[in-house]
Each structure stands twice: as structure tokens, then as C-alpha cells.
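Colleague: I would like a close look at a single part of this model, with the conventions spelled out as you go.

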Number of protein chains: 2
Amino acid sequence: MTIKLHCFGESGHSYKVALSLAFNNLDWEPVGIDFFRGGSRTDAYRSDLNEMGEAPVFIEGDLKLTQSGVILDYLSEKTGRFGGSDPDERREVLRWVLWDNHKMSAQAGVLRFLANFLTEEKRSAEVIAFLTGRMKSALSVLETHLNGRDWIVGQGITNADLSCCSYLFYNEPFGFDRSAYACIDRWLARIAEQPGWKHPYDLMPRAFPGAA
Amino acid sequence: MTIKLHCFGESGHSYKVALSLAFNNLDWEPVGIDFFRGGSRTDAYRSDLNEMGEAPVFIEGDLKLTQSGVILDYLSEKTGRFGGSDPDERREVLRWVLWDNHKMSAQAGVLRFLANFLTEEKRSAEVIAFLTGRMKSALSVLETHLNGRDWIVGQGITNADLSCCSYLFYNEPFGFDRSAYACIDRWLARIAEQPGWKHPYDLMPRAFPGAA
């Protein structure tokens, strides 16, 4: 049964799941969401796919899941991979997935949206400065944690890495200068060397009007 | 063995865990963090308690846990309560805990901080307006979900409720008008009727300078 992932290329939250699907070489296909024209906030989307009005939505037969952290956890149960090798590691993976949703992707995703996908008159310099400060605090925590480590948890790649890395692979400028974070830079390179890795735009259809 | 929770009264993330400890009638005590003088961001705090520089930190003997969602999950394993009654419910609980960390508490906590615990000249009206818009979107999702439901997941109180409710119990103004959300209002009343419920300031020591 082919898994369907309702998603769009610009969504780092979708990319977290797409990476797990790709690394696990599962049978899946992306279903594009017309995000920039409000496609994830219609009444039909909320009633049929996700009341939270968010991407991604994962469909496997009768099973429908949302929230990237839940889907990653489900895929770990299904494949036995990326969830941590014992209860302590599993808790540590969840810890970083929660931190990412709260402190890293929450800032990076919104900043990237504000800086690249909004018209200039709708951007607030004060909001961008505020979120940039918070993102840099998060990057500093991650940089310190990765000093001397290959992976966020344990000895191999886990959902903690898939969750935290996602927005950092996009090339559009949003205040993250990869060269300023040596440990994060090497860690991203390590992830991109995994068999099956692709850039988000090569895994999912773009939604931004006019994008290739 | 008495559980120690490093926390402070103004921290809604700490309150989520304190509520679970109180509802489960566990042997625990709060250890105050001097948050407003930077107590959670010192080198010692980061090295000894939490590299993320956040509250709460849960200590039970040799076990140290951070991130409220991880601690709530651990307490559910320990007590058999609040984690959902089957795998579908467990995933649904995790879904709302993640959503709360990303979309609800992330906004509500920061807004409450900006509006009440910062000097006026440090507040940005544009930042407050931006975060308020995002918080109201989240409140609307929760209000719709609770329409016709007593609890966020299943037939009883779970970690989803403990996580999502936390900042909504504080009285300081931060843009949440409880009377405008009838379903949330009744749900909060339902939580406050649970045996052991207390206001955050009655469970944890306050950190704001000059607070009683």
C-alpha cells in the first residue's frame, strides 16, 4: 500500500517525514498542498485532513496521522529505525523533537517564511529581529551539543536529527549562516551523505507560485 | 524517594509537570529557579541541569529529565495514567502535546512574559501583535476541537489537557480572554475540579522579583 504524504516543498515539517520515508526506502508519494493560496486552511482541509490546518498529513490505508513528531515516531515503530535503541535513548530522541518544535523549527520556519515568501510591506523588522534572536539561541544550544558528537542522540542518526535539521537545509536566506556553526555544518554534511538523502525540493512539489 | 522539580511559578511548562505530580499525589518538592535573574541560563545550570537552558528539570534519584512532554510521558509510564488508553490514543496525546509546544504554549508563554515581566521600553508592539495573531489561531483550533468534547483525547483527562491548559490558568493579562472561548472555558473549569488541582503559584515558588 502506497503511503501518501500531503505536503509541500517549502514545509520543513513535511521534510522531516519525507526524509524518514526516503531513508527507509518506503513506498510513498507526495500529494501537494496549495499552501500559499491557503490550501491547508480551508474548511475541507480541516475537516478531511487536519483540524490544526498544518502540513504534513500522513495517510496509510485507514491510518491518518499529523504532527511530524508523531509520524516520525510511528515510522520508527514500523521500521525499527531512528527511534533510539533503549528507553533512555527513546526519551532523549523525544526530548530533542519537542525542543525542535518549540525552539528551533518554530523560529526557523517562520523566519524563512517572513523573509522569502511575504511581500516586503508585510514584513516587520521588529518581528524578524525578535525571532532571529530566539533562533540564534537555539542554534547555539545545538552547536554546543554537537561539539564532540556525530549525532544528537547515541551513535547513529535518529528522529532527533531528522527533526532538528530540516529547515537548516534550505538555501533561501533567513538568518542562518551555516559557516558560523562548525559542528552543525559537519552534522548537516553527515546527514546529507546518508543513502537516499535529497534536498526538500527534490522530494516534494513546491507550492510557492511561480517556483519551478 | 522524593522527586525534585526545578521550576518556578511563572513557568507554564513547569506547571504542566507540577499538575501531573499533584494529580498523581506523588512525593515531590519544587526547587525554585531564579529565572528572572538568569538562573536557568548560567553555565552551571546548563552543565548540571539542562543544556537547553530551560525549566523544568525533573530529578528522581539518578534519573534526570527535561522537556515537559518527556516528563509527562515518563510519569504516565510510571503511574499508568494520562497517557491514553491504547496506541491510537497515545499517538493522539503526543500529537496535542507537540502542537501545544509549537503553537499554543510557545506563543502564550512568550506573550505573557513580554506583557507582564519586561519593562515597557523593551516591549515591541509589532512582536506582541504578531504573536497574538498566532495565539488566537491556536485558541481557535482548540476551541473548535473541544466543541462537543469534555477532554482533548478520549473520555478522560490526559497529558494533552495538562500540556495545553497550562498558560491559560494564569491571571496576568496576555491577550487571552477566557469568556470569548466557551468550550475552553468549560474545559478549564473541568480541569480545575480535578482532585489535587491548584493554581501554579500555589504549587511552585514564584521567581519574579518582589512577587509574594
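Which residues in α4(A) meet which residues in α5(A)?

Modeller: This is a predicted model, in which local features need pLDDT of at least 70 and side-chain atom pairs count only at pLDDT 80 or more, while totals for chains, interfaces and linings use all residues. Residues are numbered from 1 along each chain as its sequence is written, and chains are lettered from A and ligands numbered from 1 in the order in which they are written. Chain A averages a pLDDT of 96, pLDDT being the predictor's confidence in each residue, from 0 to 100.

With contact taken as C-beta atoms, placed from the backbone, within 7 Å, and helices as DSSP runs (H or I, at least four residues), strands likewise (E, at least two), numbered from the N terminus, Lys103(A), Met104(A), Gln107(A), Ala108(A), Val110(A), Leu111(A), Leu114(A) and Ala115(A) of α4(A) meet Val127(A), Ile128(A), Leu131(A), Thr132(A), Arg134(A), Met135(A), Ala138(A) and Leu142(A) of α5(A). By class, the residues of this contact are 12 nonpolar, two polar and two charged, where Ala, Val, Leu, Ile, Met, Phe, Trp, Tyr, Cys and Pro count as nonpolar, Asp, Glu, Lys and Arg as charged, and the others, Gly among them, as polar.

The axes of α4(A) and α5(A), lines fitted to C-alpha atoms over the stretch in contact, with angles from 0 to 180 degrees between N-to-C directions, come within 9 Å and cross at roughly 140°. The two helices α4(A) and α5(A) are therefore oblique to each other, given that angles under 35 degrees count as roughly parallel, over 145 as roughly antiparallel, 65 to 115 as roughly perpendicular and the rest as oblique.

α4(A) also gives the most to the side of chain A that touches chain B, with eight residues.

Terms used:
Contact = placed C-beta atoms within 7 Å.
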